[in-house]
Amino acid sequence: MSSVAVSKKKGFGAVLWDYLTTVDHKKLGVMYLFAGVLFFAIAGFEALLMRIQLMVPNNDFISAGLFNELLTMHGTTMLFLAATPLLFGFMNAIVPLQIGARDVAFPFLNSLGFWLFFLGAIFMHLSFFMGGAPDAGWTSYASLSLYSPGHGIDFYVLGLQISGAGTLISGINFIVTIITMRAPGMTFMRMPLFTWTTLISSSLILFAFPPLTVGLFFMLVDRMFGANFFDHTMGGNTIIWEHLFWIFGHPEVYILVLPAFGLFSEIIPVFARKRLFGYSSMVFATILIGFLGFMVWAHHMFTVGMGPTANAIFAIATMAIAVPTGMKVFNWILTIWGGSIKVTVPMLYALGFIPSFVAGGVTGVMMATAPLDYQLHDSYFIVAHFHYVIVGGIVTAIFGSMHYYWPIMFNRTLSEKLGVLTFWVFFIGFHLTFFLQHFLGLMGMPRRVFTFQADQGWDLFNYISSIGAIMMAVGVVLLVINVLLSIKTPPVNRRDYWGDGRSLEWSIQLPVPFYNFKQTPLVRGFDPCWLEKQEGNKEMMTYAEPLGDIHMPNNSILPLIMSIGLFIAAFGALYHPDGVSWSVPVIVIGLGITVLAMITRSVKDDHGFHVHVEEVIATEERLYGKGGNK
Amino acid sequence: MGHHTEVQAKTKAQYEYDRHHNAVHMKKQVVNFAIMIFLTFLAFAVVVADFSPYLIKPFILLLAGIQVVLQLYSFMHMDDKNGHHIGVISTYVWSGAMIIFPVFLAFVTVVWW
Ligand code: HEM
Ligand SMILES: [Cu+2]
């Protein structure tokens, strides 16, 4: 058990087993983080290959077919398998600590969510070695993907179906956790903004992933079992895929950016050393963005031919989102305004984020103007827009938060000096790469092309853009080096690493014990850590209960087994259209494994276990020395 | 795991109360389940009986509406007014409705044609 883990050195096998079976939100957070970094690196490498190909006109560094595969896998991986898990990593690691909980509401499901995501991701990546990756873009429009030869699209459909189930499960878990597991006194309007944005983002997952699931399911039966949902020659409708995809797809971009907003709303007040400006308007704006996010999907389909009425309505709805987004931007600026600012690495990322994200929002509103979008659609302008919001908004949030939360997650620190260098290399590289792409788009360069003719005025900008991409890659390598160096840094072993922490997670003495709080905290106001510090409370926490037995969940290998079952079944489904004899048995065996694991889980009662008071005291003494957590 | 698992002892009265409560609850679930099967049967019946599409379509939509309500209120416990967090659950259900209704409206008015 993890209570023993800290004291005795365990063998490799035992550690591995611990991670395969863990239901601890902190460990799952770390696993999400590393899995996310892995896929971020893979997708980044794919991007680099594409930019090398586009560095000079008429290049033949990679073939057109491979380019399409790289393009598709880059987009799909970055959104579903890198950004999502990285943000889930922070949600897992931090949200329970912010609300004063000892774990999430459903620890077992939390682990299941991770393994489904991870095996779905592995499945999709196996396509590279098994006859070709998906090649119809991350949007995989049916009119293209239904006719894609080979199994690439099938890998996309099945892989996303599995990892999407994991995402949906984790989303529901966070909703229930935040609603039911808050410590006494942690009212809704005292919740930190990262918790709020996690709640809203999880709610968006709850409502947005089912349309994707339906779309993927239609695609699955169309491609693998000969149905005709999207085949217009058979009475289907290929546009339905686009609607289903974007009814999911637009909320998806907000699913990713809202937690990023939340992370910056944590970072900025701490380093401006001022209370977050306009807390309640921030909460309101988050909810409004979440709601409006569902009303604008057709802005991706202005050129489909829905007609002027539809285009006008969706144009207005889209522009309306800029209002709550603007509220947030002003609130951040007014938080910084007049603060006593400490420019640490997380703050540097926050300062870089604001103008970059605003630029992305402005191009968004430009594209929302339907007539203008007829010019901009499917050009490099779109590429510039979404990279400004995604890299400028989400990736900066992830990098900044790695520095910010590293002490809590690992009891180690990332180097500030190297961090500053990383920031500048990455940030300059980012703007070099994408700023000029706006103009490439305006000059008519279409997106998703594997090469271009010389002397159309695109050569120089493409060259510079590729240089920028190389700088971004260097930045990422520096970040990885920083992570590796952090292993050698001395443990932090204290509270409130940054000295100006405001929310509850900073009140916890590091390293965080596996039960998080030896006594459930009592939250007496907004920014509880800051409040207690103001009142001279050395422990930075008031307790809601006396020291007592702590109830914790048991570890389980079942989530991994369930996910492996689906992973196996997916291979059967994939090869089914080839008419191989083993496809149906493999599907049956795979689903059988999953169902058996589910039955085992249902029949076997698992009440968790109690950590008794003496054990709690012993653990505290081992972690913090004599006298324990005092 | 080498740790204690939790064993809860119930008093006799608590046991009797739970038993009764569960029995009532079970009965309600079975009755509702039967109703839902019956509604599904009706849906198939109107199609097999070859009624006019102008009858079949609204009829099936009506049945679907009833099934949704039954599903939410009976099987998903929204009728349990004293349940934990019933307010939050209703909020979620209504938010879902508020999100899906404009989407539906957009489809039938401006997008589809
Ligand atoms: C004020 C806010 C925003 C507005 C008004 C806006 C508007 C738009 C519009 C109109 C398009 C479609 C352009 C076209 O294909 O012709 C688009 C594409 C896109 N936007 Fe935004 N956007 C906003 C914010 C965001 C945010 C916050 C994200 C992500 C976090 C994002 C991610 C994307 C992506 C990924 C695409 C391209 C999808 C594709 O075709 O592959 N946008 N945006
Ligand atoms: Cu959109």
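This is a predicted model: local features need pLDDT of at least 70, side-chain atom pairs count only at pLDDT 80 or more; totals for chains, interfaces and linings use all residues.
Elsewhere, salt bridges that share partners join A:Arg273, A:Lys342 and A:Asp500 into one network.

A:Asp500 is buried, having a relative accessible area of 17%, while A:Lys342, at 28% relative accessibility, counts as partly exposed. A further salt bridge is formed by A:Lys27 and A:Asp18, whose closest N and O atoms are 2.7 Å apart, and in this case both A:Lys27 and A:Asp18 are buried. Over all chains, a search of the whole structure finds twelve salt bridges. In general, side chains of opposite charge can pair when their charged atoms come close.

The surroundings of ligand 1 were examined next. Ligand 1 is surrounded by 23 residues, of which the closest are A:Trp138, A:Asp373, A:His377, A:His385 and A:Arg447. A polar side-chain atom of A:Asp373 is placed 2.6 Å from an oxygen atom of the ligand, and an N or O atom in the side chain of A:His377 is 2.7 Å from an oxygen atom of ligand 1. For A:Arg447, a polar side-chain atom lies 2.8 Å from an oxygen atom of ligand 1. Two or more residues of the shell are given by each of the elements α9 (239-272), α12 (345-368) and α14 (380-410) of chain A. By residue class, the shell comprises 14 nonpolar, seven polar and two charged residues.

On the surface, a nonpolar patch is formed by A:Phe277, A:Phe330, A:Ile333, A:Leu334 and A:Trp337, which together have about 530 Å² of accessible area. One of these residues, A:Leu334, has its place in helix α11 (residues 308-336) of chain A and counts as partly exposed at 32% relative accessibility. By contrast, A:Arg223, which is found in helix α8 (residues 193-225) of chain A, is buried with a relative accessible area of 16%. The C-alpha atoms of A:Arg223 and A:Ser148 are separated by 9.7 Å, although the two residues stand 75 residues apart along the chain.

Finally, the backbone was considered. Most residues other than glycine have a negative phi, and most peptide bonds are trans. The peptide bond from A:Leu510 to A:Pro511, however, is cis, with omega near -5°, and A:Pro511 lies in the loop between α16 and β1 of chain A. A:Asp527, which is not a glycine, has a positive phi of about 55°; A:Asp527 is found in the loop between β1 and α17 (528-534) of chain A, and at 9% relative accessibility A:Asp527 counts as buried. A positive phi, near 60°, is also found at A:Met540, a residue of the loop between α17 and β2 (542-543) of chain A that counts as buried at 13% relative accessibility.

Key:
Residues are numbered from 1 along each chain as its sequence is written. Chains are lettered from A and ligands numbered from 1 in the order in which they are written. Side-chain values use heavy atoms; hydrogens and water are left out. A residue is near a molecule or strand if one of its heavy atoms lies within 4 Å of it. A polar contact is a pair of N or O atoms within 3.5 Å; within protein, one must be able to donate a hydrogen and the other to accept it, and residues adjacent in sequence count only if both atoms are side-chain atoms. Helices (H or I, at least four residues) and strands (E, at least two) are DSSP runs, numbered from the N terminus. Ala, Val, Leu, Ile, Met, Phe, Trp, Tyr, Cys and Pro count as nonpolar, Asp, Glu, Lys and Arg as charged, and the others, Gly among them, as polar. Patches are made of residues with over 30% relative accessible area and no salt bridge: like charges are joined within 9 Å, nonpolar side chains (Val, Leu, Ile, Met, Phe, Trp, Tyr) within 5 Å. Accessible areas come from the Shrake-Rupley method with a 1.4 Å probe; for residues, only the protein chains shown count as cover. A salt bridge is a side-chain nitrogen of Lys or Arg within 4 Å of a carboxyl oxygen of Asp or Glu. Buried means under 20% relative accessible area, exposed over 50%, partly exposed in between (1.4 Å probe, protein chains only).
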